[in-house]
Amino acid sequence: MTTLTAATPRKLEVKDFKADVPPDWCPGCGDFGVLNVLQKACAELEIPPHELLVVSGIGCSSNLPGFFRSYGVHSLHGRALAFATGAKLANHRLTVIVTGGDGDGYGIGLNHFIQAMRRNINLTYIVMNNEIYGLTTGQVSPTSEPGMVTKSTPMGNLEQMLNPLALALASGCGYIARGFSGDPKHLQKLYMDGIQYPGFALIDVFSPCVTFNKQNTYHWFRDHVYRLEDKGHDPTNFHAAMDRAIEWGAKIPIGLFYRNPNPRPSLDKLDPALQGEPLVLKPRGLTAEQRRALVEEFM
Amino acid sequence: MDHANLIVGIGGAAGDGVASAGNTLALAVARQGQGVYAYNSYQSVIRGGHSWLRLRVSAQKPLNHGDQIDALIALNQDTLDRHLQELGSGGVALYNSAKIKPSYEPPQGVQLCPLPVPELAPSSKELPVMQNTVAVGAMLRLMGLDFAGLESVISTTFAKKPKVVASNVAAAKAGFDYAGAHFQPLPRQLKPTSQKWALVTGNEVLAMSAAMADCKFYCAYPMSPASAILHWMAAHAKQLGICVRQVEDEISVINMTIGANHAGVRGMCATSGGGFALMTEAIGMAGIMETPVVAINVMRAGPSTGVPTKTEQGDLNQVFGASQGDYPRIIVAPISIPDCFAVIQDAFFLADRYQCPVLVISDLLISEGNETVDPAVFEHIREIDRGETILPSANGELPATNGEPYLRFKNTESGISPRAVPGVPGHLYVAATDEHDEDGVLISDIYTDPVRRKKMVDKRARKMSTVLEHLPPPLFSGPADAEVTLVGWGSTWGVLTEAVERLNAAGITTNHLHVRYLVPFQVREVQKLLGRSRRIIIVENNQSGQFARHLRAETGIAANGHIRKYDGEPFEPKHIVAGVQDILNGKAEIVNVLSTEPGWRTDHPSGTSADWKGRLSGIARAATH
């Protein structure tokens, strides 16, 4: 394993973010694109790998930290945002990126997703949305389309799709974008903007599952998606963003839906304990005087 | 006991100010050098019901709330009706005579002390709780203590409201003087001493000890009886620089706390059984990722919602069973309110050293119980030792690596591997919940390998082999060749200590083993101590004998008798004494204790009734056992 020091003299390159372990996704999986683009974005942003923490949950896409060279955590199914929140609060100097799938984030982890946006933790959440459960071999997901036939819905999905973008708008998220892993250049811009946004940033990525989702394929997405930038969408307009977020049909928008023109302060800017040095660098323990004062309160 | 020892019962409905009256009285006596132990029996209502606080006061520190009241402050009619009958000769009953009248003749030798509150405190017309202040003042006088202690407590309580101080001091003084002029003092009088006391709850000690152990992150979802830890932390967060968050559920709580620990700070969380159930998957994560974390389960009566305001020791099996699979963890139960301090100091040390979860089991009795503690106890802080943690430095300096590649989960002899946290240059790795090799690379997917899987399980398990060296020995007291050995764990220590004294005084030689560390279990020490026992009786606050089963599993030792209680109320010394006698007399092998008050009516929803004549006829038959 190569090591990288804090004072790296040369410019960072994509290879600095490639782990020794090659990805084990199915050939053609949309997640390859997500990973490659993320490596490019981090290299261009010059984020030293040791100051970068990539946290995932469980699922095919959550294997990403294993293939990405940085500090990584492959946590529990649905709990990546909660774990990452604790890590970010402990050391708010870290750049924190959370990756996962639609089942992980919009199914089992949905509550944490909403709460993390409301809480406005300064991290970037990349959801590889393939509208199916892949690692468990093809069951319905919260983002599967109505009528979709899967192993657990042989008669077709009876439920409405969850709309993560509209939900994010309603939950106070300040940066909301959707990309397509078949459009890497466009996706990289969304990543770079999202990582630099001073608050919670959501990037939902259409990342086709070539093995279990025969409905929402690369071909299908290419036929359906259009770029918001090409339609003159104003990403600072909350109501326009909501109108675009609920579009789903013959044409489906990708791009930047919303960027709060007046970002509200992220939690680490508000919590009095987090001002100045990160918690992990603060002096250890309490002074004798502080301890005496605490006991005195009980006397 | 050498010193006078008084038990005061204060009762009323929720909202009557029982707890604050108790707190004022406790602080007032503590400031005159008296030790206090208080237990509040209350219900899950915000208004109404019956809240019953017992306050035991003595210059020699009481270890439990006792079992016979000497004095009663009745804040409502129901309290006087229920508890007047419990007073013995020499006892006193204080009440506001403008609102409350005895419904029946008091027991012989009991002094009724009606207080004309509207005359003594005219402000009570607008502020009914002023009756509490009058009663506390009067009680202090009957105990034989000075007024100065109470005056200082009122002054600090309402420090920002001088008018409130003045009216409360006047009401308290009026009660104090009225009692002096009209009532006989209690036969056993307290004498002020110079001892300083801190009046604390177990939850406050758990929180304060964590802060002193460098806990920088605390996270919780409100749940009785653990919420007061969150309250203390939140109140001190800014001043001490602790990040304190209330979040959406206990799943988030534990994952955030582990996340904070992973990033290098000491973090803690607490909940009760229901919340702990939600935490268990992540506790296993800390196990396999080898992340330190301190998690507290404050037990209440279960299962499910159970009885939220009542105490029990019923979550032992739950804590043992937290998470699937085998993983190293340490489980400890503090034995008393002051012991919470040392337990948390040790918990953080052990979590860092062994990079594993340390699960602390408290219960409602310890956590919400109020006790005076010698402030010297809080000076015993443990030096902050982060074990083999590699932390980032402020100047970005590179830690020494000996030129070898860094292996986060290095297969060392001790099983403990140096733990770099994110932000440290040159130590990149992925921490995974999947099984992984020494470098952190998964061996669960395409690299599945039985040899490496076994190696990593063995490596983690090996960490536990040296934990025992760091644990204090189990507590043992009393003659080695005693007729009876009482065995307990957790919050029953105080009540067992007093029961042992009483049994020995009654001619039944008894000793006492108390277990603090449940995992790892001090098998050798316990086997040695119990190997000499003639008759082992296990005392625990649950129905099925969860500790008895654990003791048997760990040591092969089966007890000769069991005293159990699962009615929601804690043991009192008399319960243990009677239980031991029943077991010795061959009446039962398992004694199930029930707390009832005389004349309790199970046919009435509130357990009481206005029909005191009908009820009193039942009192003679009622067992108080």
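So, how much area is buried between chain B and chain A, and what share of it do carbon and sulfur atoms give? About 5400 Å², with carbon and sulfur atoms giving 68%; that's the accessible area (1.4 Å probe) the two parts lose on being put together, summed over both.

Quick housekeeping. This is a predicted model, where local features need pLDDT of at least 70 and side-chain atom pairs count only at pLDDT 80 or more, while totals for chains, interfaces and linings use all residues. Residues are numbered from 1 along each chain as its sequence is written, chains are lettered from A and ligands numbered from 1 in the order in which they are written, and side-chain values use heavy atoms, with hydrogens and water left out.

Okay, the interface. 75 residues of chain B are in contact with 58 residues of chain A, contact being heavy atoms within 4.5 Å. By class, the chain B side has 47 nonpolar, 15 polar and 13 charged residues; here Ala, Val, Leu, Ile, Met, Phe, Trp, Tyr, Cys and Pro count as nonpolar, Asp, Glu, Lys and Arg as charged, and the others, Gly among them, as polar.

Between the chains there are two salt bridges, meaning a side-chain nitrogen of Lys or Arg within 4 Å of a carboxyl oxygen of Asp or Glu. One of them pairs Arg245(B) with Asp271(A), closest N and O atoms 3.7 Å apart.

And which element gives the most to the side of chain B that touches chain A? That's H9(B), with eight residues; helices here are DSSP runs (H or I, at least four residues), numbered from the N terminus.

Note on methods: Helix = DSSP H or I, 4+ residues; strand = E, 2+ residues; numbered from the N terminus.
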